[in-house]
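Here is a short tour of one protein model, stop by stop. Keep the picture open while you read.

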Amino acid sequence: MLRVSSTARWPSVLHRSRPSIIAMASVSSAPSAAIAGGSGVESPGGTRVVVCGGGVIGACTAYFLATKGTARVTVVEKCAVACAASGKAGGFLALDWCDGSPLGGLARASFHLHRSLAAALDGPTNYGYRPLDTLSLSLLPDASSAAAAPPSPALPPWVDGPAARPPRTIGTTDSTAQVHPQLFTRTLLSAAAAEHGVEVVIGELDRVEVEDGRAVGVALKGGGGRFIQADAVVLALGPWSNRSPIVSSLFNVSSLKAHSIVLRPKSPDAITPHALFLTYQPAAGAKTLDPEVYPRPTGEVYICGMSKEAEVPDDPEEIVGERESIAMLHKIAGTVSRHLKEGEVDVVAEQACCLPCTDDGLPVIGEIPEVKRCYIATGHSCWGILNGPATGASLAELILEGHSTTADLKPFSPSRFLRRRTRQGV
């Protein structure tokens with residue numbers, strides 16, 4: 001089992017010019033009993049905000065809080081920045097694919113924010129931001145199949161697998177783009193730390209401390225009960241959100257385990273910037289699969305699919321890919337292109353991650369009912385990288401200004417679960 005390393009193997013053409021977060025700041029220790037008496041009001045030096053979670057949602061929230069200049073931000077992360085789904089996702093961005101759903105406004109705002117961030121942080125260099133064309137393709141498992149359609153000029157030359165019909169364009173460089181999600185997340189926090197003083201602490205959340213119905217800080221596990229005082233707390237814990245009683249008492253966050261592989265073709269120059277959304281049936285009568293293929297600016301190619309519900313372990317490093325699912329992704333890769341067949345590629349990663357999902361399929365973004373100044377951002381499922389910037393910007397506005405202008409957060413309010421519970425007589 002190959003895993004993504006803590007620093008991605010990015011060629012010099014895509015070096016990171018921003019400072020890297022290597023030395024993590026420490027937290028002053030204090031016994032849990034010393035928490036009593038916390039004021040829970042804004043401190044004179046600015047609003048103290050603790051963001052729990054160093055994935056893309058937490059990083060975006062910390063970044064936009066810090067850039068407003070009125071907050072002192074600490075990010076608490078158990079393992080490492082972007083160590084879970086935010087480091088193993090595909091990084092695909094779409095402008096209008098969520099139109100017609102409650103996510104439409106959030107996705108559009110976030111797509112435009114991605115473009116602005118790429119300009120501000122040199123995204124093409126630092127984290128592989130680029131627009132790209134996107135195709136839908138129905139792929140046959142057998143290259144000799146008589147059902148294969150004639151080669152289509154709409155297909156890029158490197159996509160030479162047997163197609164059941166000509167491809168369909170479902171995104172252009174105006175409406176679809178990509179980032180390397182691990183480097184995007186780390187670049188945001190590096191910039192926030194270097195330019196705005198955001199502190200990153202490696203530690204595990206034990207609990208949110210609440211006084212008089214208001215969050216006043218967080219206690220960490222180990223170290224004699226270390227405590228970080230705060231005027232506001234953000235829980236951006238992805239599929240681990242249920243570990244907090246404040247969350248689990250209100251709604252459920254389940255986990256969808258998604259598999260992926262990253263390949264480096266021996267002929268990288270042949271790979272053009274075309275994202276592929278596939279329909280693939282491994283054999284007659286077999287379940288139809290919907291894998292996705294994302295070439296990256298380095299010539300690496302990311303292939304994902306094979307998802308299933310699964311329990312999330314305590315440690316993100318314990319999330320490993322299942323052999324059958326990884327093998328199927330390799331088979332799909334070789335069917336898509338001769339450039340991705342075994343023997344024609346170096347295997348960079350074989351991996352899995354857990355995506356956070358809610359019962360109604362919508363993310364949860366906002367202040368938690370009955371716990372003032374405690375905010376939640378989770379449940380983004382497969383759209384976490386896309387919707388991270390608008391989620392973070394909207395939360396920053398809500399925390400510091402009392403309302404959001406970047407996106408309408410009403411459809412994502414945690415209070416929707418409280419209303420349902422009331423209607424059900426719970």
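## Serine 138 and its surroundings

Let's start with one residue and who it touches. Setting aside neighbours within four places in sequence, serine 138 is in contact with Pro162, Ala163, Ala164, Arg165 and Thr279. Keep in mind that this is a predicted model.

You'll find serine 138 in strand S5, which covers residues 133-139. Is serine 138 buried or exposed? Its relative accessible area is 14%, under the 20% cut-off, so serine 138 counts as buried. Its side chain also makes a polar contact with the side chain of arginine 165, at 3.4 Å.

Now for the inside. The largest nonpolar core has 71 residues, and Val73 and Tyr127 have the most contacts within it. Which helix gives the most to this core? That's helix H1 (residues 56-67), which puts in nine residues. There is also a second, separate core of 31 residues, and Cys52, Leu220, Cys354 and Val364 are among them.

As a bit of background, nonpolar side chains tend to be buried together in soluble globular proteins.

Helix H5 runs over residues 181-196.

How many of the 16 residues of H5 are buried? Twelve are, so the helix is largely enclosed by the rest of the structure. The buried ones include Pro181, Phe184, Arg186 and Leu189. What do they pack against? The buried residues of H5 pack against H1, strand S2 (71-77), helix H2 (85-88), H3, helix H4 (123-126) and H8. Just after H5 comes glycine 197, which takes a positive phi of about 75°.

## The S9-S10 hairpin

Next, look at strands S9 (residues 205-211) and S10 (residues 214-220): they run antiparallel, and six bridges join them. Glutamate 209 stands opposite glycine 217 in S10. This hairpin has two residues between the strands, and aspartate 212 takes a positive phi near 55° there.

Leucine 220 also lies in strand S10. With a relative accessibility of 1%, leucine 220 counts as buried, and it is one of the residues in the second core. How far apart in space are leucine 220 and aspartate 206? They sit 14 residues apart in sequence, yet their C-alpha atoms are 4.8 Å apart.

## Aromatic rings that pair up

Last stop: the rings. The model has ten aromatic pairs. One of them joins tryptophan 97 and tryptophan 383, and it is edge-to-face, with 6.5 Å from centre to centre and 90° between the planes. Tryptophan 97 lies in the loop between strand S3 (92-94) and helix H3 (104-121), while tryptophan 383 is in the loop between strand S19 (374-378) and helix H8 (384-401), so this pair ties together parts that are 286 residues apart in sequence.

Key
Residues are numbered from 1 along each chain as its sequence is written. This is a predicted model: local features need pLDDT of at least 70, side-chain atom pairs count only at pLDDT 80 or more; totals for chains, interfaces and linings use all residues. Side-chain values use heavy atoms; hydrogens and water are left out. Rings of Phe, Tyr and Trp (its six-membered ring) pair if their centres lie within 6.5 Å; planes under 30 degrees apart count as stacked, over 60 as edge-to-face and the rest as tilted. Helices (H or I, at least four residues) and strands (E, at least two) are DSSP runs, numbered from the N terminus. Buried means under 20% relative accessible area, exposed over 50%, partly exposed in between (1.4 Å probe, protein chains only). A polar contact is a pair of N or O atoms within 3.5 Å; within protein, one must be able to donate a hydrogen and the other to accept it, and residues adjacent in sequence count only if both atoms are side-chain atoms. Contact means heavy atoms within 4.5 Å. A nonpolar core is a set of buried Ala, Val, Leu, Ile, Met, Phe, Trp, Tyr and Cys residues joined through side-chain atoms within 4.5 Å. The expected span of a helix is 1.5 Å times one less than its number of residues. Two strands pair if DSSP finds at least two bridges between them.
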